[in-house]
Amino acid sequence: MPGTSDEGESASPSGSPAARASASARIQVRASGVHGRGVYAVAELTAGERLIEYRGERIDWDEALRRHPHDPAQPDHTFFFHLEDGRVIDAAVGGNSARWINHACAPNCEAREADGRVFIHALTDISPGEELFYDYGLVIDERYTAKLKKRFECRCGSPSCRGTMLAPKR
């Protein structure tokens, strides 16, 4: 829900309920100038800090392909997050605010997987009002044509923008 934060979604070093409650108020979903919705800091966030878990239903790729697209009007927009074990997190089912973090080619956050769970960590200090971004690094088995890159166009505006959310094939 725009302008709110999901209860208990953020993590804090201590992990205590009071610390989790105060951490969950540190980010907020709002309209984004980059793409639709985005996630913003509402408090100072520190480089290295674990900010939020990317939550959703864990499914296999066959089920993900069966569900695709979530929105036929936007067939390339999903809330899928590929896991190292080959499964997928579908944040359209049971997901939280992490699904609204946008892509950037020069991100201030990164996704880290540990034991089948994905956490978003700050790469830099982030001030209140700043939008959170991580590099989606999308991988598609097709040849990267200009048409395919355009389908996954990046709108981050970074001086180092590669123009696409697709990961380099190098």
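## Strands and cores, question by question

Me: Over how many bridges do β3 and strand β9 (residues 117-122) pair in the antiparallel sense?
Reply: A strand here is a DSSP run of E with at least two residues, and a helix is a run of H or I with at least four, numbered from the N terminus. Two strands pair if DSSP finds at least two bridges between them. For antiparallel β3 and β9, the number of bridges is 4.

Me: What pLDDT do side-chain atom pairs need to count?
Reply: Residues are numbered from 1 along each chain as its sequence is written, and side-chain values use heavy atoms, leaving out hydrogens and water. This is a predicted model, where totals for chains, interfaces and linings use all residues, local features need pLDDT of at least 70, and side-chain atom pairs need pLDDT 80 or more.

Me: Which residue in β9 stands opposite Ile52?
Reply: β3 and β9 sit in an open antiparallel sheet of 3 strands, in the order β3-β9-β8. Look across from Ile52 into β9, and you'll find Ile120.

Me: Why is one side of β3 and of β8 left without a neighbour in the sheet?
Reply: β3 (50-54) and β8 (109-114) stand at the edges of that sheet. One side of each is left without a neighbour because each has a single partner strand.

Me: Which two residues touch the most other members of the largest nonpolar core?
Reply: A nonpolar core is a set of buried Ala, Val, Leu, Ile, Met, Phe, Trp, Tyr and Cys residues joined through side-chain atoms within 4.5 Å. Buried means under 20% relative accessible area, exposed over 50%, and partly exposed in between (1.4 Å probe, protein chains only). This core has 23 residues, and the two are Tyr54 and Leu132.

Me: How far apart are the end C-alpha atoms of residues 150-166?
Reply: UniProt, in an unreviewed entry, places "domain: Post-SET" at these residues, though annotations may be inferred rather than shown by experiment. The span is 12% helix and 0% strand. Its end C-alpha atoms lie apart by 10 Å.
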